Amino acid sequence: MNDRSTLHTIVAAAVLSVGLANCGGGDGNGNQNNNQNPGNVDYSKIEQSPLAEGALIEATDEQLAQHLTNGMRLNMVPNGAIRTNDLVFGGVPESAQPQPTNSNGQTTDSTGDKSSGGSGSGNFSETNVHVAGVDEADYAKYDGKHWFISTTPEYSRFRDNQPALRIFATDPSAPNAEVVANYKMGEKWGPVSEMYLVQKEEGVTSSVATLRSQWGNVRPLLEPMIRPAIAIDAIWPGPINSTVKVELIDVTDPENPDATWKMEIDGSLVNSRKIDNTLYLITRYEPWLHDLRVTHLGGENKENEDKLNNAAVNKLLPEYSIDDKAKQLLSRKCFIQQNLKSYHGFSSLVSVTAIDLAERKVVDSKCLNANVHGLYMSQKSLYLGGTDYTADFLGGQGRTALHKFSLTPEGLKYRASGSVKGTLGWSDPSFFMDELNDKLRIVTTAWNQGRRIEHMLSTLAESQDKRGELELVAQIPSKERPEPIGKPNEQIFSVRFMGERAYIVTFLRIDPLYVIDLSDELDPKIAGELEIPGFATYLHPINDDVLFSVGNQADEQGRAQGVKLELFDVSDITDPKVVATEVIGDAHSHSEALHNLRAMSFLQASEDQLRVTLPVNVFKNPNPEENFWRSTWSHTGLYLYEINGLMSGELSLDSSGYIEAESASDKVKYPQHGGVDRGVMHDEAVFYTHGNAVWAAFWNDPKNAVGPIKYEEPLICPTVIVPSISVDVYSSNRNVDMGCTATVTATSNGETYELEGVARKVNDEVIEVPVVDNAATEPFNGDAVSMGGNGVTVSRPISIGRYQCTYTGPDEVAGDFEVKVEMPEHETQYFKTRVNANECNVDTRFHSVTLVHESEPVFCTQELRPSFGITVEIDPDADVSACDAEVVVSDQEEKFALMPNEFSDRKNACSFSGVVYERAGIFDLSISLDGFVPVSVSEIEVTKDECHVHTFRETFKLEPAN
């Protein structure tokens with residue numbers, strides 16, 4: 001039994017049937033109180049609504065109020081279905097596979113229509129979507145003239161970084177790009193993860209529609225949850241709903257974007273789609289009365305019932321507002337299933353809202369009280385799916401309910417509901433459903449007795465006899481066609497419908513690709529099968545004869561290796577063949593395209609050639625036979641491929657190289673930047689965005705890409721002078737009145753600085769040292785900084801000794817320092833420190849030194865100090881690392897090669913030490929590095945005190961050889 005199955009079994013005892021019901025309607029006044037449960041209520045008799053099997057009906061206020069409040073009662077039962085943020089079963093965000101393209105490279109659905117999107121000049125790629133003509137939100141959108149990219153803040157103390165919409169003007173003829181605007185979105189709502197383009201006329205983007213959320217504790221996927229037992233009387237705040245914000249940013253003047261309209265909706269975002277300029281939002285809302293009390297009795301008490309029985313329906317429904325005006329109900333049309341009993345309940349409301357972005361108004365909104373975690377949308381219909389896992393938990397098969405809405409100019413019209421055996425699985429549900437000729441094809445999975453997996457393809461159509469019902473018209477496997485889809489225990493990894501065909505990939509240790517013949521709607525059948533190593537998570541039919549896939553290579557044990565691209569000849573559906581295979585990297589290599597279709601781009605360069613891009617984090621393993629998992633990150637970039645021979649029949653998959661954004665080095669072991677990873681193609685140019693920056697290159701010359709092209713916020717530096725070092729000096733003899741009789745010097749790069757001291761009597765209190773304007777009135781003395789007024793106040797609690805002196809200096813000098821602290825009647829102490837510079841100042845290094853009074857015995861610290869600390873610097877643009885240098889010291893007896901510091905933070909500078917410890921004497925030094933003039937220094941004296949050597953520190957800049 002796999003982990004998921006085990007988890008299902010554990011949860012079974014805690015989860016009741018997840019039902020499908022609804023909201024709203026009735027007499028329309030919205031103020032009808034719920035008086036269906038007066039007096040005592042037996043909570044043990046309340047059940048969650050069973051799975052809907054027939055048509056839905058529009059609810060009255062009384063029906064809706066009773067059903068919702070019963071659902072809230074269930075949420076107060078310790079063994080009920082409280083939803084937490086920790087476990088979610090069922091669907092995951094849209095991902096995994098692209099929509100197929102026709103012979104022109106345009107994305108097609110089952111009817112072969114072209115995809116939607118902006119159109120600037122030339123031939124360019126657009127967002128890869130599930131269904132042609134049905135646009136999907138993404139982090140980045142391109143209209144042929146401007147690339148609109150969502151950026152995420154990068155930490156900086158001195159830059160006003162906020163989530164932003166960054167606009168790049170592209171020049172594909174150069175190729176190049178430039179930042180023309182950086183529109184700050186504000187931090188309250190976080191970064192933009194969903195974005196659409198709005199065009200009032202062909203080829204001209206008038207606005208960018210952004211979708212953002214403020215998250216509550218209600219997840220956007222509604223699935224059964226484990227409810228924690230509540231042992232004592234406690235107050236649970238109940239579900240706190242998210243809020244979804246739709247905002248229009250006017251970009252008619254791309255250099256001066258401006259927010260012109262916004263809409264805020266109660267609930268969390270499940271998904272969205274856009275057809276032309278109509279945005280369809282699917283949101284979920286969890287009604288709750290915030291002063292309800294959850295008790296150890298598991299339910300009813302008088303205070304709760306008073307609130308529940310008097311709850312007005314309109315207080316249980318989601319609302320929305322436009323431009324901060326008064327809130328209003330989102331939906332008055334809500335559907336529930338038929339034949340509900342008075343003891344049934346289910347509280348979550350799923351709303352589908354159509355918004356005209358061009359006219360900036362709500363067209364229509366409908367809601368269901370339904371378990372929904374997946375959707376499929378064609379240009380004509382919307383299908384919402386929800387899975388009942390209860391039967392699965394109990395050793396049964398599971399069942400999926402489906403609700404169909406037609407899309408009309410006036411809004412959404414409910415059409416029919418039905419259900420099929422099995423569940424939609426764990427990957428993107430939109431790939432498991434498809435509509436052709438008003439019929440829905442769907443792939444589901446059931447776990448039969450003994451946990452045997454059964455995959456099914458079903459066809460449903462609106463019933464001619466029963467109004468409002470989707471009925472099953474065909475299914476495989478069947479009595480007539482018993483051949484299973486997949487081998488025993490194989491899971492489905494990808495599904496792709498295209499017209500009268502379906503492609504299904506299952507996997508355990510090998511990758512069977514199944515071709516399903518759907519030409520006879522009433523008699524589907526498996527036409528062909530192909531077994532290959534690895535698995536595909538992304539299928540892209542290019543035309544009737546060619547299929548492209550992305551997935552992972554796998555070894556004989558089923559362990560995933562590099563990212564695999566594969567090209568298939570499917571002209572004979574009974575005998576599919578592999579034409580070409582490309583594997584990028586080794587184990588741990590990853591591409592977002594493996595789980596998000598929008599990470600891939602496609603462009604038809606000619607009738608014979610289709611171009612493809614995808615971002616990849618590449619890991620390499622020089623000896624996989626010794627240790628399969630010992631792969632290390634090599635680089636991150638946008639990979640370019642051509643599918644050639646589409647017309648000639650000489651099919652091939654050819655690499656065009658990659659644009660590199662980051663690469664590993666001795667100092668950098670992992671990728672340093674995240675955020676959006678996308679590529680777009682425009683004529684002979686390709687553009688790549690990674691880590692808030694953009695690269696531009698010709699398709700045939702990606703290694704010479706221009707970039708990174710980026711925008712940086714201006715520095716906002718405080719007007720203070722910051723010392724490099726702060727040293728608190730104490731005496732081991734507490735009776736010594738130190739004053740500031742010590743001398744503290746710091747040496748770096750041959751320059752010696754004497755630190756200034758200020759004495760204080762300390763009584764374990766916080767000493768405030770103000771620093772005003774550009775000069776410190778007293779020496780810098782702390783590590784806590786608070787900004788305010790015209791200056792900075794720094795403070796630090798002092799608790800060691802009665803008398804203390806703080807020495808500070810030099811001001812604003814970075815580098816490696818050796819510090820010497822000496823005072824009459826005390827032993828001299830040495831220590832070394834490194835001072836780094838930030839974008840504005842140096843980062844002060846704080847130290848505390850207790851000098852041993854001559855009346856005290858000498859105690860040497862238990863450490864080994866190196867005799868040398870050598871820093872080698874080279875030109876930042878050099879092709880080698882400074883750590884590749886050979887640094888050798890020698891005295892009259894022996895020669896030593898110093899070791900580089902593997903954690904040096906710059907490629908052009910590296911520190912060398914070690915090997916020679918506590919060794920004083922006269923040494924010679926030599927430094928060599930291929931391509932640079934060698935350096936040699938003679939008669940370097942290393943001295944020593946009673947305890948340790950005084951480390952010789954120096955920095956050497958190597959000059960390139962002629």
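Is C805 buried or exposed? In this predicted model, C805 is buried, because its relative accessible area is 0%.

C805 forms a disulfide with C740, and the two sulfur atoms are 1.8 Å apart. The torsion about the S-S bond is about 90 degrees, so this disulfide is right-handed. C740 sits in the loop between β43 and β44 (743-748), whereas C805 belongs to strand β51; the pair therefore ties together parts 65 residues apart in sequence.

The whole structure contains 4 disulfides. One of them joins C334 to C367, with 2.2 Å between the sulfur atoms. This link is right-handed, with 115 degrees about the S-S bond. It connects distant parts of the chain, 33 residues apart: C334 in strand β15 (residues 333-337) and C367 in strand β18 (residues 361-368). C334 is buried at 0% relative accessible area, and C367 is buried at 1%.

Another disulfide joins C717 to C840, S to S 1.8 Å. Its torsion is about -80 degrees, so the disulfide is left-handed. C717 lies in the loop between β42 (706-709) and β43 (723-731), and C840 in the loop between β53 (829-835) and β54 (845-851), so parts 123 residues apart in sequence are tied together. C717 is partly exposed, at 35% relative accessible area.

Finally, I return to strand β51, residues 803-811, which also holds D811. D811 is partly exposed, with a relative accessible area of 47%. Together with E754, E756 and E812, D811 forms a patch of negative charge on the surface.

How values were computed. Residues numbered from 1 in each chain as written. Predicted model: local features only at pLDDT ≥ 70, side-chain atom pairs only at ≥ 80, totals over all residues. Heavy atoms only, no water. Patch = residues over 30% accessible without salt bridge, like charges linked within 9 Å, V, L, I, M, F, W, Y side chains within 5 Å. Areas by Shrake-Rupley, 256 points an atom, 1.4 Å probe, with all protein chains shown as cover. Salt bridge = Lys/Arg side-chain N within 4 Å of Asp/Glu carboxyl O. Lys, Arg positive; Asp, Glu negative; His and termini not counted. Charge placed at Lys NZ, Arg CZ, Asp CG, Glu CD. Helix = DSSP H or I, 4+ residues; strand = E, 2+ residues; numbered from the N terminus. Buried < 20%, exposed > 50% of the residue type's maximum accessible area, 1.4 Å probe, protein only. Disulfide = S-S within 2.5 Å.
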